[in-house]
Amino acid sequence: MSSIIIACESCGAKNRIPEKKQHLQPRCGKCQTDVSLLGRAVPVNLGDEDFQQFIKMTQIPVMVDFFAPTCGPCQALAPIITNCANRYLGKIVIAKVDTSMHPGTAVHYNIRGVPSLLFFKNKVVIDQLVGAPPELTLINKLDKLLQH
Ligand SMILES: [Zn+2]
């Protein structure tokens, strides 16, 4: 499982925060102070082996970016997706699936092209976007996801 290494602002201890637990308000393992991931949050990498389980156990909305490493529009979208991971930290989980490595999940959700974005609430897809949206369009969608 991929992790982020981050130093505690209070005691300096280095903490290893698993990507999948970024939204759970992590605490320093040494002094129990809340560890701030703001500016350091990254999209959660999901694959065929863990996608369904992650969606099932996550209590807050999830947005998933289905991408391929060789796709230009996907590469252009990547920094916007990372910005969203920070903007919505703790409120919406921002995840991504590399469809070249994990075709099973893409087939399951009828993904016909990349990038495609799926928006999950209460473990079901309630919205989607095909293609790379402008950042503002994406932010509007994510704000709406929080309001429903
Ligand atoms: Zn600490």
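These notebook entries record what I looked up in a predicted model of a single chain.

**Entry 1. Overall fold**

I began with the secondary structure and found four helices and seven strands in the chain. Read from the N terminus, the order of elements is β-β-β-α-β-α-β-α-β-β-α. I then checked the radius of gyration, which is 15 Å; the globule rule gives 15 Å for 148 residues, so the chain is as compact as a globular protein of that length. Along the principal axes, the C-alpha atoms occupy a box of roughly 50 × 30 × 30 Å.

Of its 148 residues, 30% count as buried. Among contacts with a separation of 6 or more, 60% are between residues 24 or more positions apart.

**Entry 2**

I turned to β6 (116-121). This strand is mostly covered, as five of its six residues are buried.

Which strands pair with β6? I found that β4 and β6 run antiparallel and are joined by five bridges. Within this pairing, Phe66 has Ser116 of β6 as its bridge partner. I also found that β6 pairs with strand β7 (residues 124-130), again in the antiparallel sense, over six bridges. Here Leu118 has Gln128 of β7 as its bridge partner.

I inspected the turn as well. The hairpin of β6 and β7 has two residues between the strands, and Asn122 takes a positive phi near 50° there.

**Entry 3. Helix α4**

I checked the length of helix α4 (residues 135-147) against expectation. At 1.5 Å a residue, its 13 residues should span 18 Å, and the end C-alpha atoms lie 19 Å apart, which agrees.

Which residues of α4 are buried? I recorded Leu138, Leu142 and Leu145. Viewed down the axis of α4, the buried residues fall within an arc of 50°, so they line one face of the helix. On the face turned away from this buried side I noted the exposed residues Leu136, Thr137, Asn140, Lys144 and Gln147.

Finally, I asked what covers the buried residues of α4. The cover includes β4 (62-67), α2 (72-87) and β6 (116-121). Two of these elements, β4 and β6, are the antiparallel strands joined by five bridges that I recorded in the previous entry.

Technical notes:
Residues are numbered from 1 along each chain as its sequence is written. This is a predicted model: local features need pLDDT of at least 70, side-chain atom pairs count only at pLDDT 80 or more; totals for chains, interfaces and linings use all residues. The expected span of a helix is 1.5 Å times one less than its number of residues. A residue is buried if 20 or more other C-beta atoms lie within 10 Å of its own, exposed if 12 or fewer, and partly exposed in between; C-beta atoms are placed from the backbone. The arc is that of the directions from the helix axis to the C-beta atoms. Two residues are in contact if their C-beta atoms, placed from the backbone, lie within 7 Å. The radius of gyration is taken over C-alpha atoms; the globule rule is 2.2 Å times the number of residues to the power 0.38. Two strands pair if DSSP finds at least two bridges between them.
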